[in-house]
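This report describes selected side-chain and backbone features of one protein model. It treats a helix pair, aromatic contacts and local backbone geometry in turn.

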Amino acid sequence: MKLYDLALSGNCYKVRLFASFIDTPLTIVPVDFMNGEHKTEAILKLNPWGEIPILEDGSVILRDSQAILVYLANKYGGEAWWPSEAHLQADVMQWLSVASNEIKYGPNVARLIKKFGLESDWAQASERSHNILTLVDNHLGSHHWLAASRPTIADCAVYPYISTAHEGDIDIDSYRNIQAWMNRLQQLPNYISMPGN
């Protein structure tokens, strides 16, 4: 199983993190994103969107980190990470949507601005970050995990860009419930960190 990967991408990291949790080996294929390799014919043949990560598992080729998490959990992770009950699946999916929206346009964009020089509105990204961090922190005040009362791919989807929020000058020290949740996740067997964190 191949993962077309960028080491510093939170979206790629969430796939590597989950694969490590479920002890599923990945062959990492580094993509030279900074020099535009993700827009080359070879990559576009795999993903016409020209984005990474891309997972290649035999004849199955998937783009989008959230979709990849669902696939890996369903095929390799089992019930523990991807519940079979409809209401628990929906609970997990709510958080995958948060990762694709509020987290993406908050902590992720702030990090892209400060770490990678993206030209965008940091003040707006900061406001969005603190709005979603407050909601997540409040939720974690009465839940140990984001969904289903146990670690799921919801946690893997949301964690990366919160754990790297400091790289976007977003201070998360005051979010005590998030800090405790991050610590719980980091104590899980086979946890791997993001490069540089």
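## Backbone geometry, ring contacts and helix packing

P53 is placed in the loop between α2 (41-46) and β3 (54-57). In this predicted model, the peptide bond from I52 to P53 is cis, with omega near 10°. Most peptide bonds are trans, and most residues other than glycine have a negative phi.

Two residues depart from the latter pattern. A148, which is not a glycine, has a positive phi of about 60°; A148 is found in the loop between α6 (122-140) and α7. N190, also a residue other than glycine, has a positive phi near 75° and belongs to the segment after α8. A148 counts as buried at 11% relative accessibility, whereas N190 is partly exposed at 40%.

The aromatic residues provide a further set of features. The structure holds seven aromatic pairs. Two of these pairs are set out below.

| Aromatic pair | Geometry | Centre to centre | Angle between planes |
|---|---|---|---|
| Y71 and Y76 | edge-to-face | 6.5 Å | 80° |
| Y159 and W181 | edge-to-face | 6.1 Å | 75° |

Y159 lies in helix α7 (residues 153-163) and W181 in helix α8 (residues 176-186), so this pair ties together parts that are 22 residues apart in sequence. Y159 is buried, with a relative accessible area of 2%, and W181 is likewise buried, at 0%. In the other tabulated pair, Y71 counts as buried at 16% relative accessibility, while Y76 is partly exposed at 33%.

Y159 and W181 also belong to a cluster linked by ring pairs, together with Y13, F18, F21, W81 and Y191.

Charged side chains also meet aromatic rings. The charged end of R63 sits over the ring of W49, 3.5 Å from the ring centre. R184 lies over the face of W145, at 5.8 Å from the centre of that ring.

The last feature is a packed helix pair. Two packed helices are described by the angle between their axes and the distance between the axes. For helix α3 (residues 65-77) and α7, the axes come within 10 Å and cross at roughly 150°. Because angles over 145 degrees count as roughly antiparallel, α3 and α7 are described as roughly antiparallel to each other. The crossing of α3 past α7 is right-handed. On the α3 side, the residues that meet α7 are Q66, L69, V70 and A73; their counterparts in α7 are I153, C156 and A157.

Conventions: Residues are numbered from 1 along each chain as its sequence is written. This is a predicted model: local features need pLDDT of at least 70, side-chain atom pairs count only at pLDDT 80 or more; totals for chains, interfaces and linings use all residues. Side-chain values use heavy atoms; hydrogens and water are left out. Rings of Phe, Tyr and Trp (its six-membered ring) pair if their centres lie within 6.5 Å; planes under 30 degrees apart count as stacked, over 60 as edge-to-face and the rest as tilted. Buried means under 20% relative accessible area, exposed over 50%, partly exposed in between (1.4 Å probe, protein chains only). Helices (H or I, at least four residues) and strands (E, at least two) are DSSP runs, numbered from the N terminus. A charge sits over a ring if NZ of Lys or CZ of Arg is within 6 Å of the ring centre and within 35 degrees of the ring normal. Axes are lines fitted to C-alpha atoms, for helices over the stretch in contact, and angles run from 0 to 180 degrees between N-to-C directions. Angles under 35 degrees count as roughly parallel, over 145 as roughly antiparallel, 65 to 115 as roughly perpendicular and the rest as oblique. A crossing is left-handed if the near helix is turned anticlockwise from the far one by less than a right angle, and right-handed if clockwise. Contact means heavy atoms within 4.5 Å.
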